[in-house]
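Please look over the sequence and the model first, then follow the points below by topic.

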Amino acid sequence: HSPSPSHPTTRIMATRFARTPTVGRSRVVVSPGSSRSSRSSRLLASTAKASAKTSDKKKTDTSKRPELEGHVAIDAPPASFVTEREGDEAKDSIRHKFEKLIRESQDSICAAITEVDGMEFREDAYTRPSGGGGITRVFQGGNVWEKAGVNVSVVYGLMPPEAYRAATGNDDAELNGEGFVPFFAAGISSVMHPHNPHAPTMHFNYRYFETEQWGGIPSQWWFGGGCDITPSYLYKDDMEHFHGTLKNVCDEHDEAYFPKFKQWADDYFMIKHRGERRGCGGIFFDDLNDKPKEELFEFSKQCQQSVVPAYVPLVEKHMNDEFTEDQKRWQQARRGRYVEFNLVYDRGTTFGLKTGGRIESILMSMPLTSRWEYDYVPEKGTPEWDLLDACQTPRDWV
């Protein structure tokens with residue numbers, strides 16, 4: 001995909017990529033968060049299994065679940081999806097506070113990206129028949145970023161009992177409830193793919209989840225999320241800055257967080273069939289409910305506020321670097337790895353594809369261009385080999 005005519009690399013790349021036309025308005029919404037692990041991964045896996053095969057003891061008609069009936073595009077989102085469904089009495093709830101937080105984060109992050117790139121985000125807003133809705137903001141073919149997107153969604157839904165067992169950690173529990181289990185989820189997710197091979201790709205998602213009391217099991221809640229970096233070329237000071245910014249946020253809340261969440265990210269983003277990670281990690285966490293809600297809310301808030309200072313300076317530093325066709329070819333090969341992880345292992349992506357989610361939002365994380373070459377292995381000692389080595393054997397940057 002070509003940069004803008006004013007971009008210094010236009011002469012190198014303009015003949016190799018053509019612009020992709022903007023897709024039309026879509027009418028479905030993405031589930032919150034593009035990555036899942038632990039409790040959420042058990043929930044998603046169990047939901048997918050339950051949708052394929054109902055219990056032998058009791059079958060439920062999934063065709064009558066309103067959240068599976070599609071979503072409706074609207075000209076502008078309401079002031080709050082939560083209060084629209086629950087009324088003004090919900091204004092002091094953690095649900096409303098988290099929705100307000102992720103929408104403010106979407107505004108501030110999109111503004112920061114537009115300030116650097118010069119391109120405005122396209123916005124699509126949606127409502128759900130069962131309550132809630134979403135806001136997708138995307139642009140492609142920018143001056144700095146090939147593709148950038150920031151999604152928020154608020155979901156009121158129902159899950160099968162099998163998924164509830166997994167979500168609550170009571171896999172062997174005897175559940176006495178009838179039908180499906182009500183749940184609430186809200187989240188923000190984003191992926192940024194720059195044009196320049198020397199500027200890294202970045203992904204983040206942060207979410208809040210609740211289940212209502214059901215079948216004798218109390219209501220459950222937890223926070224999850226993370227932020228990770230995927231460079232094509234490794235710059236030690238860039239990695240120290242990115243990981244250091246995340247570590248500072250973690251250390252303000254619990255010094256045990258960063259080493260634990262960094263290891264979680266290194267484990268989660270493993271492309272098993274390649275024996276390498278998709279990038280150079282960051283932090284990743286789930287099931288976070290071991291402290292008061294307000295304290296964990298503040299942690300999620302500071303994580304979201306750290307996205308711009310952790311990432312944008314790295315893009316500004318490298319967006320005008322000169323690069324060769326071979327370096328662009330390597331970037332596209334690494335983006336092929338990104339695609340492999342997202343389509344094969346990313347639990348949010350696979351869950352959305354299996355359950356009829358909004359395809360354009362689910363696949364927002366995909367780069368416009370990627371590449372697969374047979375037996376493409378970099379020569380030892382080259383910058384490309386150094387990046388691959390860091391993906392195969394994660395390094396401690398701070």
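## Overview

Of the 398 residues of the chain, 59% count as buried. The model is a predicted one. Its chain contains 13 helices and 10 strands.

- The accessible surface of the chain amounts to about 17000 Å², and carbon and sulfur atoms contribute 49% of that area.
- Among contacts in the chain with a separation of 6 or more, 75% are between residues 24 or more positions apart.
- The structure holds 26 salt bridges, some of which are described below.

- Strand E1, residues 72-74, pairs with strand E2, residues 122-127, in the antiparallel sense, and three bridges connect them.
- Within this pairing, Ala 73 is placed opposite Tyr 126 of E2.
- Strand E2 also runs antiparallel to strand E3, residues 132-140, and six bridges join E2 to E3.
- Glu 123 has Arg 137 of E3 as its bridge partner.
- E2 and E3 form a hairpin with four residues between the strands, and in this hairpin Gly 131 adopts a positive phi near 110 degrees.
- As a general point, side chains in a regular strand alternate between the two faces of the sheet.

- Arg 335 belongs to helix H10, which covers residues 325-344.
- Arg 335 counts as buried because its relative accessibility is 4%, and the limit for this class is under 20%.
- A polar atom of the Arg 335 side chain lies 2.4 Å from the backbone oxygen of Pro 194.
- Apart from neighbours within four places in sequence, Arg 335 is in contact with Glu 146, His 193, Pro 194, Thr 201, Pro 367, Thr 369 and Ser 370.

- Helix H4 spans residues 94-117 and holds both Arg 103 and Glu 99, which are four residues apart, about one turn of the helix.
- The side chains of Arg 103 and Glu 99 meet in a salt bridge, with an N to O distance of 3.0 Å.
- Arg 103 counts as buried at 16% relative accessibility, and Glu 99 is likewise buried, at 2%.
- Lys 100 and Glu 104 form a salt bridge whose closest N and O atoms are 2.6 Å apart.
- Lys 100 and Glu 104 are separated by about one helical turn, because they are four residues apart in helix H4.
- Lys 100 is partly exposed, with a relative accessible area of 45%, and Glu 104 is partly exposed at 41%.
- In general, side chains of opposite charge can pair when their charged atoms come close.

## Other salt bridges

- Asp 386 and Arg 395 form a salt bridge, and their closest N and O atoms are 2.8 Å apart.
- Asp 386 counts as partly exposed at 26% relative accessibility, as does Arg 395 at 25%.
- A network of salt bridges links Glu 86, Arg 95, Glu 210 and Lys 293.

- Most residues other than glycine have a negative phi.
- Asp 287 is not a glycine, yet it has a positive phi of about 60 degrees.
- Asp 287 is located in strand E10, residues 282-288, and is buried, with a relative accessible area of 19%.
- Asp 375, also not a glycine, has a positive phi of about 55 degrees.
- Asp 375 sits in the loop between H12 and helix H13, the latter covering 383-392.
- Asp 375 is exposed, with a relative accessible area of 62%.

## A nonpolar surface patch

- Leu 343, Val 344, Leu 353 and Ile 359 make up a nonpolar patch on the surface, and together they have about 320 Å² of accessible area.
- One of these residues, Ile 359, lies in helix H12, which covers residues 359-362.
- Ile 359 counts as partly exposed, since its relative accessibility is 41%.

Terms used
Residues numbered from 1 in each chain as written. Predicted model: local features only at pLDDT ≥ 70, side-chain atom pairs only at ≥ 80, totals over all residues. Heavy atoms only, no water. Pairing = 2+ DSSP bridges. Helix = DSSP H or I, 4+ residues; strand = E, 2+ residues; numbered from the N terminus. Buried < 20%, exposed > 50% of the residue type's maximum accessible area, 1.4 Å probe, protein only. Polar contact = N/O pair within 3.5 Å; in protein donor to acceptor, adjacent residues only side chain to side chain. Contact = heavy atoms within 4.5 Å. Patch = residues over 30% accessible without salt bridge, like charges linked within 9 Å, V, L, I, M, F, W, Y side chains within 5 Å. Areas by Shrake-Rupley, 256 points an atom, 1.4 Å probe, with all protein chains shown as cover. Salt bridge = Lys/Arg side-chain N within 4 Å of Asp/Glu carboxyl O.
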